[in-house]
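Here are my notes on the model you sent over.

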Amino acid sequence: MAANSTGIAMPAHQSSSHQSTNPMSAEEMLDDALRTNEETAEIGNTTLSQIQRQGEQLQGTQRTVQATDNTVREARIVLKGMSWRIFKEKLWLWLIILFLLAIDTALAYRLATNKGSIS
């Protein structure tokens, strides 16, 4: 395609050099119209193919996004479960520490009140 003086792309057979002062015959005009029609159909088919490929790419991307969403959802569930288990373990550790601290306090009191003898 060639650009005319306004910068607009035109089919090669319609460039400004082709436009002379000689009037075109009906057959030339028909041939020109047929060429233009064929070029338009070709451009339309190319555009349609590109749109179809882009649609397929978008569908693939959508499937990928859905799979990622599902993975993130599953990961959140696993992380919540892990957090709950960690909380329970910490709670048990604190209870054990408090129990041992109570035993130590009782033993220290017993030693203090029995002049160093536990019995």
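1. Arg-35 and Asp-32 lie three residues apart in helix 1, so about one helical turn separates them. Their side chains form a salt bridge, with 3.6 Å from N to O. The term here means a side-chain nitrogen of Lys or Arg within 4 Å of a carboxyl oxygen of Asp or Glu. By that rule, the count is one salt bridge.

2. How exposed are the two partners? Asp-32 is buried, at a relative accessible area of 13%, while Arg-35 is partly exposed, at 35%. The classes are buried under 20% relative accessible area, exposed over 50% and partly exposed in between (1.4 Å probe, protein chains only).

3. A word on the source: this is a predicted model, in which local features need pLDDT of at least 70 and side-chain atom pairs count only at pLDDT 80 or more, while totals for chains, interfaces and linings use all residues. Residues are numbered from 1 along each chain as its sequence is written, and side-chain values use heavy atoms, with hydrogens and water left out.

4. On confidence, pLDDT (the predictor's confidence in each residue, from 0 to 100) averages 86 over the protein, and 79% of the residues score at least 70. Helix 1 has the highest mean, 95, and strand 1 (residues 2-3) the lowest, 49. Please read that strand with this in mind.

5. Helices (H or I, at least four residues) and strands (E, at least two) are DSSP runs, numbered from the N terminus.

6. Just after helix 1, Lys-115 adopts a positive phi of about 55 degrees.

7. Of the 119 residues, 4% count as buried.
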